[in-house]
Amino acid sequence: MSELWMAVNVVWETLVEHAGWVLAYVLAVVLALFLARRGHWRRGWRPAWVLAGLAALAALVLLPGLTGAAWSDLAYFVDWFLLLALSVALGAAVLVLAWPLAAWLRRPRAPTASGISAARLRQLR
Amino acid sequence: MNARSTTRGPHSAGRREWLVRAALAGAGLRLAGVGLPLAGAGLPLAVRASAATAAPMRTKAHIVVAGSGAGGLAVASRLAKAFDGARITVIDGKTEHNYQPGYMLVATGLWPMAKVRRDNAAFMPAGVEWVREAVAGFDPHAQRVETAGGRTIDYDFLVVATGLHLDYAQIEGMDVAAIGRNGLGSVYAGPQAAAATWAAIDAFRSTGGDAVLTLPSTPLKCAGAPLKTTFLLDDLLRRAGTRGRTQLQFHSALPTDTVFGVPVVNDAVLARWKALDVQTHYLSRLVAVDPGARRATFASPEGERTEVPWDFLHVVPPMRAVDAVRDSELAWQDGPFAAGGWLEVDPATLQHRRFPNVFGVGDINGTPRGKTAATVKKSAPIVAAHVVDAVAGREPQLRFDGYTSCPLLLREGSAMLVEFDYEGRLTPSMPFVDPLQESWAAWVMERYMLEPMYLAMLRGRI
């Protein structure tokens, strides 16, 4: 269990070290949640997942190079496990931001004078 | 017990003190078999959680920590949490804290120098008195530390964490200020020297030529650094396309076929060097340099001297105890550690063998192995726990196995994460991972994760 405590500390110190970026991300998520308070969360789910998946895929492809390594350096099963874990973590971070944003973008349109949204009216016609 | 005053005797050693000691022990106990490097093994979460909420031990003892490097700060941080009412004094004149494991990354152009430089005050635990003077001497009979400014500071308990002395003076003609010029490099002397070494390597890799790397026979801090330098230099030359024009020679002052103290790691390194065409010389000790002429002089044990030209020279200085320890009664009086003046501690308890109110942590310890940040990570909780034991009038309860870790960088993007103990036995934190396997994960750990671990260690959290 000390390893878990160690991992928590590593993450914490890393976050503190990059406090500026972390704060920017947190503010972006808060803003997205604020915008999405009347959003359509169910409609935002799929595009958010697609975006998160793309981000994870990009991480999977780019991370070795970004750390100065070549693909041939990933020669051990631990390397692939770490790469997958980091990619999933990045994808999760993107999902947390993208879902509320997507929900906001796919929010129900403002109601018309009849009280029915324009989109719904178009469907009815 | 030499302690002048122990304010609470064994009668106070109850559950609360046990919890404090358990908290301090942290990674020191080997109750679990898996973990991250620098972790060693640790306490179950339940014990740790209990310890985190344990009340500090009440005492009015004066505990002096001599030195504020990795060991000094890690112990001081834990002691500050462990005691209520104790007077804790840290003595050190330096105001800058350097992340020394990062020097290698600076010297090979992977990190900027600023990344290894921090303000020491940021890590000084709250409630601790910081005497901003260098330690000049110890009088363990009088229980007194002398500072460079002429002050004398009495103690009840002492933790010696002075670090070691880089003895460049043993190399005739060597001038630390000359590092970076005339192809002269040395990663050990500090952040500026590491950055200057990168300047020398950067210039050298564009041309290639004669590269000479050295290894003394004394105990070394981060004994893997001379090997890493060799591996990374080879990699940089290959990437620059100049390896074919370069003779890479490694001069080891150690016996034949020895460049590292752990046989299985030593063999793995030599096998890789053979494949990389690194030429090795043994029983060859650097004794003089002439930077202007770019010539290094090596001596054999018989005194035979050989001059070697260089286009790039990496100097690893002989190392010994700092004068304050070496010239005091705290140093080993005989045996293999007496020549270097290292602190005479019991390797298992890190308690001084003749002055039981004195403990040692970090590079200064005269122990068979272990002059790395990983050693501090594992031993600082044990030392702090033993100070608590001493204050409570108990014998030291824990045992240190000499754990050391060395992420052996092989090239940019790959490393081996070797962990071993006093006996040179490999002690991988993750038993299912082969420590001799080249790994990108080990590289990522060295470059991105060890520094956060180190910072948490300084703050006494791990």
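These legends go with several close-up views of a predicted model. Residues count from 1 along each chain as its sequence is written, while chains are lettered from A and ligands numbered from 1 in the order in which they are written. Since we're looking at a prediction, local features need pLDDT of at least 70, side-chain atom pairs count only at pLDDT 80 or more, and totals for chains, interfaces and linings use all residues.

**View 1. Two helices of chain A, α3 and α4, pack against each other.** Here we have α3 (residues 41–66) and α4 (residues 77–105) of chain A, with axes that come within 7 Å and cross at roughly 150°. (Helices are DSSP runs of H or I with at least four residues, strands are E runs of at least two, and both are numbered from the N terminus; axes are lines fitted to C-alpha atoms, for helices over the stretch in contact, and angles run from 0 to 180 degrees between N-to-C directions.) That makes α3(A) and α4(A) roughly antiparallel, a label for angles over 145 degrees. Their crossing is right-handed, that is, the near helix is turned clockwise from the far one by less than a right angle. The contact brings together 23 nonpolar residues, four polar ones and one charged. (Ala, Val, Leu, Ile, Met, Phe, Trp, Tyr, Cys and Pro count as nonpolar, Asp, Glu, Lys and Arg as charged, and the others, Gly among them, as polar.)

**View 2. Helices α3 and α9 of chain B meet.** In chain B, α3 (residues 70–82) and α9 (residues 373–391) pack at about 35°, and their axes are 9 Å apart. This crossing is right-handed too. Among the residues that meet are B:Ala74, B:Arg78 and B:Leu79 from α3(B), and B:Val376, B:Pro381 and B:Val387 from α9(B); being in contact takes C-beta atoms, placed from the backbone, within 7 Å. By class, the contact has 13 nonpolar, one polar and one charged residue.

**View 3. Domain 1 of chain B touches domain 2.** Domain 1 covers 10–166 + 320–404 + 453–458 and domain 2 covers 168–316, with bounds from an automatic or database domain assignment. At the join, 19 residues of domain 1 are in contact with 24 of domain 2. On the domain 1 side, α4 (103–107) and β12 (164–166) each supply at least two residues, and α4(B) gives the largest share, four.

**View 4. Two stretches of chain B have pLDDT under 50.** pLDDT is the predictor's confidence in each residue, from 0 to 100. It stays under 50 over residues 1–20 and over residues 25–53, although chain B averages 90.

Notes: Angles under 35 degrees count as roughly parallel, over 145 as roughly antiparallel, 65 to 115 as roughly perpendicular and the rest as oblique.
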